[in-house]
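Morning, everyone. Please have a look at the model on the screen, and then I'll walk you through a few parts.

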Amino acid sequence: MKNNWLIPVGVVSIVMGFLLSTQIRNQIDYRQSLPSRRVEDLMVLLKNAEEAKAGLEKEVQTLRAQAGDGSRHTDATDLAAGAVAVQGPGLEVVVSDSAKPLQKGEDPNIAIVHNDDLLRLVNELRSGGAEAISVNGQRLVDTSEITCAGSTILVNQSRITPPFVIKSIGNPETMSAALSLRGGIIEYLQFYGIQVSISKKTEVLIPMYSGGSHYRYAKPVKQPENPS
Amino acid sequence: MMGAIVTLGGLILGILLGAFFPLSIPQYLSKYFAVAILAALDTGFGGIRSSLEERFGLTVFISGFVANTLLAAGLAYLGDQLGIDLYLAAIVVFGVRIFENLAKIRRLILGRFWTF
């Protein structure tokens, strides 16, 4: 028997091995990718990630405490950056979805609190002179967002759910007046059945901003005077 | 003997190549790929069997390998276009044939080494 069949058979087996392992590798990759995971798996993953995040946030806090007050930081910059927890007189506003049963044909969307409702509340608080604000324990800093993410609301990239507790430090009278203006935000929300309660407090505690440094693109300009 | 070495060596080389060559198959093509592999496996076992029976034909083997692979994938694709799972038929046919070939190979090897 001549050996001229060796090369073709070798080539065929190389092709076969190649096909086999490529397909197997791809199947393994696919099984490990997200879409084929079941909801339960994803929930476990999410829970683990959230636990890891909570642990890391604790670490940030202890490390910040260890770092002490660096020379560059002053109380004023810490306050402005949300790097310290603050307390003082202020308001606690609790907002939750409408408890009224929906009438037939009514849009269920009007009965729930949306991100723009929270945004408007926060905006009114600021116009009423709020110095520090937190929503469900998330300190609002200069880069904080209040966005809609499916059925939940994102603040500082954390999901928050009703009831929404908005704490603010400032003059309680001014701030509650700003909210309760005729035709203002509270009236607007109550028109749709959203439950809003305002309580003036002599002592409100607002936690520090728990995220990391959030300046990657903006760099300070080394110039004595501000370009304007 | 040479044949076994070349075949095994080729398989191992191919598997290593496939493991490290970053070729990714989109998920929707993966089904056709799997059917093609099944056809290729069938042809491979058929080749082993025919060489044990000492009626191995190179042209039949190579043409069978190429044609079976392409036809299986093509039929699976056609089935998808028609809205029937024709690839299931390919899986059944090639699966049965692989088992038949394996049984034949086992008997041939047994017959070669142990004669009762």
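Let's start in helix α1 of chain A, residues 6–32, where A:G17 is found. Helices here are DSSP runs of H or I with at least four residues, strands are runs of E with at least two, and both are numbered from the N terminus. A word on the source: this is a predicted model, where local features need pLDDT of at least 70, side-chain atom pairs count only at pLDDT 80 or more, and totals for chains, interfaces and linings use all residues. Residues are numbered from 1 along each chain as its sequence is written, while chains are lettered from A and ligands numbered from 1 in the order in which they are written.

Back to A:G17. Is A:G17 buried or exposed? A:G17 counts as buried, because it has 23 C-beta neighbours inside 10 Å. The cut-offs: 20 or more other C-beta atoms within 10 Å is buried, 12 or fewer is exposed, in between is partly exposed, with C-beta atoms placed from the backbone. Among the residues A:G17 touches are B:G10, B:L13 and B:G14. Contact means C-beta atoms, placed from the backbone, within 7 Å.

The contact between the chains takes 22 residues from chain A and 27 residues from chain B.

Now the sheet. Chain A has an open sheet of 3 strands, order β4-β5-β6, paired antiparallel. Pairing needs at least two DSSP bridges. β4 (146–149) and β6 (158–160) of chain A each have a single partner strand, so one side of each lacks a neighbour in the sheet. β5(A), residues 152–155, pairs with β6(A) over 3 bridges. There, A:L154 has A:R159 as its bridge partner.

Conventions
Contact = placed C-beta atoms within 7 Å. Lists of a residue's contacts leave out its neighbours within four places in sequence.
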